[in-house]
Amino acid sequence: MASRSATGGRIERARPRLHSARVPTALAVTGLTKRYGTTHALRGVDITVGEGELVGLLGPNGAGKSTLVKIACGLVRPSGGTAEVCGAPAGTEGARRALGYLAELFRFPGWASADELLVLHQKLAGSDGGAAERAELLELVGLSEARDRRIETMSKGMQQRLGIAQALVGRPALLLLDEPTSALDPAGRRTVRGLLEELRGRGIAVLLNTHLLSEVERVCDRVAIIDRGVLVAAGRPDELSRPGGVEVVTASGVQAFTAASREDVPAIVERLVHAGERVYEVRLVRSSLEDAYLAALEAPPAA
Amino acid sequence: MSDVLVVAAHALRESLRRRVFAVVVCLTLAFGALYAWGTDELFQDVNDFGPNQFGLDPRVLAGATILGLAMFGTLFLGVVLAVFLTLGAVRGDAERGLLQPLIVRPLGRRQYLAGRFLAAATVAAAYVLIVYAGAVVVTGVLGDWWPTQPVGAGVRLAAAVVVVAALALLGSIFLSANANGIAVLMVFGAGLLGGLLGSIGDALGSHTLQTIANTASWLLPFEALYRDALRVLVSEVPGVTGAIVQLGPLGGSHDAGPLLLPYTVLSLAAVGALAAFAFGRSDL
């Protein structure tokens, strides 16, 4: 967990770990490192994703998020540390059987229809779900009408939703989604958000790699923030956000009491009224996940 | 094994739906029509030749030469097909984002490579055999000249394009699609050049040129297979005619010995092992 100084505002890097002790582990990453030549993409990251948990992975471009996801699904070999999917080392057949993956930069054969693509992945995943599974998945992502439509005629957003359906073929225990909403419009993002919540309800663990903090804040159980290959902050979204004082709207404008808390509100209002102010509204301010994210990235590295 | 077949079927379906095969069939029909026209004209001219004092058989000379040329054309078309079916199989598809969704499935990387090789090798070899058989029939029907061992030559020609398909698949692990396509076609050209140097070396008695040609043949067995196919085609032509047709077109015939086919199988296995090792260690 990240810790804040007593003066508030800054998050100091204290080698956080994102562990879920309460549920069986779908993904367990321990001391994961990856070097590309002299570049360190990951420097000892620890993350776990529990069964049915939805964990958001945040960080700036080049932080190592996609590398972590690629190691988890066996596309990239780690330089050190371990990554296990449902108890099987990442990259092994057992691990690949347990996961579904949507890459950040993916493409499906444009000549195939949505249904043909799912048939291919059913064969490769060894799924015996047949037409019923395909129909269910297409309905889940709102593409039932596009069942026989060629992929090259679909919009990027439709292809992204099809990608999620493809990742769900074979009922994986863990879903690794790398920027799954990057090409979606607000309505499409809402669809995916609802989908993620439904997946959580079905007990599917999800590691969601995204830049959209609002998505993470709304749907994720826990959040991990990575910067330059290091896990700099982790925890529940409400743990990472912090009280930001009290704002009072009066006839003379908005007055901010940054050090105040909920308990201070009656006294503040009483003082203002006593001073002749007309009070219209009182707001408790909490820092957003965005504030926590930026603070985590600005914090100095742990000693 | 079923995963290999799934990947092979997917690759073949992609070629069908992308109309690769339609283009190939159209161009091959054009090639066949031109070959039939040329062969017909050639044998009409040859039939006007009278008896000659050197004991040369003009009909056999014309038939063996033009069928040898057709074999080169068939090999070239088969190689182009094999290269285009494999040139972007790994790095190219990974750069386009097509490979990753497949590779994260329980399907192993070796099975993926095997499936792509199976598809390319089957299509290219079948294509070469069909076009070669067509050329043999056209030559026989229009010129009344039939090679004595047509099957042996065809098998060697088909094996040559299978070797090129394996090399292109290996190259696709290290190179992007464009670079790999250029590299494999240049290697193919270099192999043929080696064969040509060998023929010149034989004619001049130059050991250096013969060594270069032999080295090229063992490093790039498709070249040795092509020249051995030419040898098989004309091996039983007697006399002066036989001596001339063995010079053959574009490199000439060459007896690579009985170890060529086993060596080809071994070299394919070595290329496959190297490809599996390299692909297994590559980050995507």
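In the hairpin of β6(A) and β7(A), A:C86 has a positive phi near 50 degrees. Two residues lie between the strands of this hairpin. The model is predicted, and the mean pLDDT of chain A is 85.

**The hairpin strands**

- Strand β6 of chain A spans residues 80-85, and strand β7 of chain A spans residues 88-89.
- Two bridges pair β6(A) with β7(A), and the sense is antiparallel.
- Within this pairing, A:V85 is opposite A:A88 of β7(A).

**The partner of β6(A) in the sheet**

- β6(A) is also joined to strand β3 of chain A, residues 25-36, by five bridges.
- The strands β3(A) and β6(A) run antiparallel.
- A:V85 of β6(A) has A:L27 opposite, while A:G80 of β6(A) has A:T33 opposite.

**The sheet as a whole**

- What is the order of the four strands in the open sheet of chain A? The order is β4-β3-β6-β7, with antiparallel pairing.
- β4 (39-50) and β7 of chain A are the edge strands; each has a single partner strand, so one side of each has no neighbour in the sheet.
- In a regular strand, side chains alternate between the two faces of the sheet.

**A helix across the strands**

- Helix α1 of chain A, residues 65-72, lies across β3, β4 and β6 of chain A.
- The helix α1(A) runs at about 120 degrees to β3(A).

**Confidence in chain A**

- In chain A, 91% of the residues reach a pLDDT of 70 or more.
- Where is confidence lowest, and where is it highest, in chain A? It is lowest in strand β1 (residues 3-4), at a mean of 37, and highest in helix α3 (residues 114-125), at 94.
- Residues 1-14 of chain A have pLDDT below 50. Beyond near neighbours in sequence, this stretch has 32 contacts in the model.

**Contacts with chain B**

- In chain A, 23 residues are in contact with 20 residues of chain B.
- Which elements of chain A give two or more residues to the side that touches chain B? They are α2 (93-97), β8 (99-102) and α3 of chain A.
- α3(A) gives the most to this side, with five residues.
- The residues on the side of chain A that touches chain B comprise 13 nonpolar, four polar and six charged.

Note on methods:
Residues are numbered from 1 along each chain as its sequence is written. Chains are lettered from A and ligands numbered from 1 in the order in which they are written. This is a predicted model: local features need pLDDT of at least 70, side-chain atom pairs count only at pLDDT 80 or more; totals for chains, interfaces and linings use all residues. Two strands pair if DSSP finds at least two bridges between them. pLDDT is the predictor's confidence in each residue, from 0 to 100. Two residues are in contact if their C-beta atoms, placed from the backbone, lie within 7 Å. Axes are lines fitted to C-alpha atoms, for helices over the stretch in contact, and angles run from 0 to 180 degrees between N-to-C directions. Ala, Val, Leu, Ile, Met, Phe, Trp, Tyr, Cys and Pro count as nonpolar, Asp, Glu, Lys and Arg as charged, and the others, Gly among them, as polar.
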